[in-house]
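Q: I am new to this structure. Please take one part and walk me through it closely.

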Amino acid sequence: MSKADPTRETVAHLTYFVVQAYTAVKRGKISADEPIPARDRDHAMRMFERFKQSRAGVVAFSRTGDPATGDYEDAVIIARHGTVPSEIDGLQDMSDAEFERWELSEHDLKVA
């Protein structure tokens with residue numbers, strides 16, 4: 001199948017994970033560090049745990065959307081700690097949610 005084939009299927013929605021740390025600056029204010037992409041939720045949580053020891057605040061979140069159109073849902077907070085911007089308070093917080101873990105093997109995956 002060529003890249004120009006119009007029948008080629010694409011991923012409609014993609015979820016990505018990000019860890020955003022904040023550094024303390026003068027007079028109790030914070031400054032955002034560069035956001036760091038994570039491979040998955042577990043990777044985001046490992047980075048979150050590492051940064052919460054050394055930063056004024058840190059938040060791990062995910063976003064789901066369509067990369068082709070640029071339409072994304074609001075971010076969903078996975079974990080938060082310390083001093084973070086007030087805008088984060090309005091986001092959906094899933095930091096206390098229980099997640100089921102599925103272990104997949106090659107037989108569970110269908111390759112076209």
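Predicted model: local features only at pLDDT ≥ 70, side-chain atom pairs only at ≥ 80, totals over all residues.

A: Start with the layout. The chain has 1 helix and 7 strands. Along the sequence, the order is β-β-β-α-β-β-β-β. Of the 112 residues, 24% are buried. The chain exposes about 8,700 Å², and 51% of that comes from carbon and sulfur atoms. Among contacts with a separation of 6 or more, 48% join residues 24 or more positions apart.

Now look closely at strand β1. Strand β1 covers residues 14-24, and strand β4 covers residues 57-66. These two strands pair antiparallel over 9 bridges. One place to look is T15, whose bridge partner in β4 is T64.

Strand β1 also meets β2, residues 30-32. Here the pairing is antiparallel, with 3 bridges. A24 of the chain has I30 in β2 as its bridge partner. The hairpin of β1 and β2 has 5 residues between the strands. In that hairpin, R27 takes a positive phi near 55°.

Then comes β3, residues 36-38. It runs antiparallel to β1, and 3 bridges join the two. F17 finds its bridge partner in β3 at A38.

H43 lies in helix α1, residues 41-51. Beyond its neighbours within four places in sequence, H43 contacts P37 and A38. Is H43 buried or exposed? H43 counts as buried, because its relative accessibility is 15% and the cut-off for buried is under 20%.

Definitions and conventions: Residues numbered from 1 in each chain as written. Heavy atoms only, no water. Helix = DSSP H or I, 4+ residues; strand = E, 2+ residues; numbered from the N terminus. Buried < 20%, exposed > 50% of the residue type's maximum accessible area, 1.4 Å probe, protein only. Contact = heavy atoms within 4.5 Å. Areas by Shrake-Rupley, 256 points an atom, 1.4 Å probe, with all protein chains shown as cover. Pairing = 2+ DSSP bridges.
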